[in-house]
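Reader: Could you help me learn to read a structure like this one? I would like to go feature by feature.

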Amino acid sequence: MSGRQGGKLKPLKAAKKDKVEDDEEDKAFKAKQKADAAALKKAAEQAKQKGPLVGGGIKKSGKK
């Protein structure tokens, strides 16, 4: 009988993943994604500075 019986078992080690070399198409795609994310973040910052688009509050129709 094993001395570990009843104790916590160690998890099995996961196999090491091979490094995948990115080709030019993948590099270009990742660069485009990064640029798009930066542009979106910049636009969000500018939108925060200007404040809300509508300042009227609750609109009332005038009907009673």
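Author: Let's go through the fold, the surface and the charges in turn. Please keep in mind that this is a predicted model.

Reader: How many helices and strands does the chain have?

Author: The chain has 1 helix and 0 strands. That helix is α1, which covers residues 24–50.

Reader: What share of the residues count as buried?

Author: The general idea is a cut-off: a residue is buried when its relative accessible area is under 20%. Here, 0% of the 64 residues in the chain count as buried. The chain exposes about 7,500 Å², and carbon and sulfur atoms supply 57% of that area.

Reader: How do I read a salt bridge, and which side chains meet in one?

Author: Look for a side-chain nitrogen of Lys or Arg within 4 Å of a carboxyl oxygen of Asp or Glu. The structure holds 1 salt bridge. Its partners are Lys-32 and Asp-36, at 3.5 Å from N to O.

Reader: Where do Lys-32 and Asp-36 lie?

Author: Both belong to helix α1, and they sit 4 residues apart, about one turn of the helix. Lys-32 has a relative accessible area of 54%, so Lys-32 is exposed. Asp-36, at 40% relative accessibility, counts as partly exposed.

Reader: Which residues gather in the patch of negative charge?

Author: On the surface, Asp-23, Glu-24, Glu-25 and Asp-26 come together in that patch. Take Glu-25 as one example: Glu-25 is found in helix α1.

Reader: Is Glu-25 buried or exposed?

Author: Glu-25 is exposed, because its relative accessible area is 64% and the cut-off for exposed is over 50%.

Reader: And what is Asp-22 in contact with, beyond its neighbours within four places in sequence?

Author: With those neighbours left aside, Asp-22 is in contact with Lys-27 and Lys-30. Asp-22 itself lies in the segment before α1. Its relative accessibility is 32%, so Asp-22 counts as partly exposed.

Terms used. Residues are numbered from 1 along each chain as its sequence is written. This is a predicted model: local features need pLDDT of at least 70, side-chain atom pairs count only at pLDDT 80 or more; totals for chains, interfaces and linings use all residues. Side-chain values use heavy atoms; hydrogens and water are left out. Patches are made of residues with over 30% relative accessible area and no salt bridge: like charges are joined within 9 Å, nonpolar side chains (Val, Leu, Ile, Met, Phe, Trp, Tyr) within 5 Å. Accessible areas come from the Shrake-Rupley method with a 1.4 Å probe; for residues, only the protein chains shown count as cover. Lys and Arg count as positive and Asp and Glu as negative; His and the chain ends are not counted. The place of a charge is taken as NZ of Lys, CZ of Arg, CG of Asp or CD of Glu. Helices (H or I, at least four residues) and strands (E, at least two) are DSSP runs, numbered from the N terminus. Buried means under 20% relative accessible area, exposed over 50%, partly exposed in between (1.4 Å probe, protein chains only). Contact means heavy atoms within 4.5 Å.
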